[in-house]
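Please walk me through this structure. I am new to it and would like a short tour.

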Amino acid sequence: MEYELNENIRNLPGNIKSQQKEAIEKYLFEMSAAYYVAREATTCVDLDECLDILVNRIADLMSVEIVSIILKEDETGILRIKSARGIGEEIIKHTAVKEEDEPQSVSGWVVRTGKSLLIEDLARDGRFLLREGRYFNNSLLSVPLKERSGVIGVINVNNKSSREVFTTDDLSLLTKLADFAAAAIETVRQQRRDKALDKIRKELVSHISHEFRVPITVIDEVIEMLLDEISASTNERQKRLLVLAKQSTERLRRMIDDWLAYVKNGSQEIEAKEKFFNLISTAKHVIYSMDILARNKGVVIRGMFPYDSELKIWGNEDELTQVLVNLLHNAVKYNKDNGRVEVRFEAIGNITKIYISDTGIGIPEESLDKIFNKYNREGAAIENNFESYGLGLYISREIVRRHGGEISATSQLGEGSTFVVTLPNPQPSAYKMR
């Protein structure tokens, strides 16, 4: 894969054509989706919990009704459904396939060959038996779960919510999800076999960190090449967008390095990253990056900055940047078309407060005390069919708490929400706002 990516980089022309831009955006989306699903699954130490998370996230992400993860037993080689969504308990309980004894089984074929399958109409394929069940059509995807030891199982999906047949784009996304899912599954299995959890955790983080360094390096090379070959006629905004993308990949690389260092060495390495930095400058960078997303919805983001545009605080700049990104992303995502987002700051004594207000859909009162919980998916986001994994606000709260602060929210359903981040920092007593 790394060789093919580098070949693609060398073959890119000096200007970006529309299909190349779409290909880069599709690649970034797939890698981001795989990252969030894998990160959530790897928080588990129990295999069943890990598999249930993978099944549910894949179903939500791909908008399908039926997902099953089938694993091969080490001792017998029999394939059994270990977790599923949209399949009856009796089918799960009694499904047992030996790859060599069931040549017409889709799962057996995928495990035996190690190849993925995209079937538009199983009835016309001829290689496999038709299945019984509640299916919109006979289209399916089946991809292998591969580890260093070989194929350990299969992910099958059926029934797109749109009732359409699966496409090569669907197959590409599921293949990337399967790559990371296999690493998570094998790690949790190893945890059960070997009780040295700390050692396993380090190996998993090293593996995932390595996997992400490759695409980040590819993106960096593409951006660097485009910046080098950019023509004089290119407008300043296009150049700023490329610089912004490069800064974002550099921040992601630092976050991965910090994550790996933290797992290997404990919190000491992370604490060494703390420093005084200009919160206003950081916020302006985040607002500019989010403005690209906001424009697509006609949402206006307004930053209310001090006259001198400087507000020094102590902390981990990358982590607090992540908090701002999470909160601003939500403020835009759950906003109304042509809505507004306002970011303002308040410094009183040794306390700094960041207010992020929006004119969005709001949060039901009964859900306000739950929105910072891990995996929370309650409230207006679900009622309005927004995709949510319930991790952004939880991660933000944990980061703020590590900095000795707190995060809170107020909201009026249908009118908007305000999130307040409070950080303890030595600040000048006098502070004027525009």
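Predicted model: local features only at pLDDT ≥ 70, side-chain atom pairs only at ≥ 80, totals over all residues.

Residues are numbered from 1 along each chain as its sequence is written, and side-chain values use heavy atoms, with hydrogens and water left out.

Start with the rings. Rings of Phe, Tyr and Trp (its six-membered ring) pair if their centres lie within 6.5 Å; planes under 30 degrees apart count as stacked, over 60 as edge-to-face and the rest as tilted. The count by this rule is four aromatic pairs. In one of them, the ring centres of Phe 372 and Phe 419 are 6.2 Å apart and the planes stand at 80°, so this pair is edge-to-face. Phe 372 sits in the loop between strand E11 (351-358) and helix H13 (380-383), and Phe 419 in strand E13 (residues 416-424), so the pair ties together parts 47 residues apart in sequence. Helices (H or I, at least four residues) and strands (E, at least two) are DSSP runs, numbered from the N terminus.

Phe 372 is buried, at 10% relative accessible area. Phe 419 is buried too, at 9%. Buried means under 20% relative accessible area, exposed over 50%, partly exposed in between (1.4 Å probe, protein chains only).

Now turn to helix H14 (residues 392-402). Its buried residues are Leu 393, Ile 395, Ser 396, Arg 397, Ile 399 and Val 400. Gly 404 follows H14, with a positive phi near 80°.

Glu 49 has 38% relative accessibility, so it counts as partly exposed.
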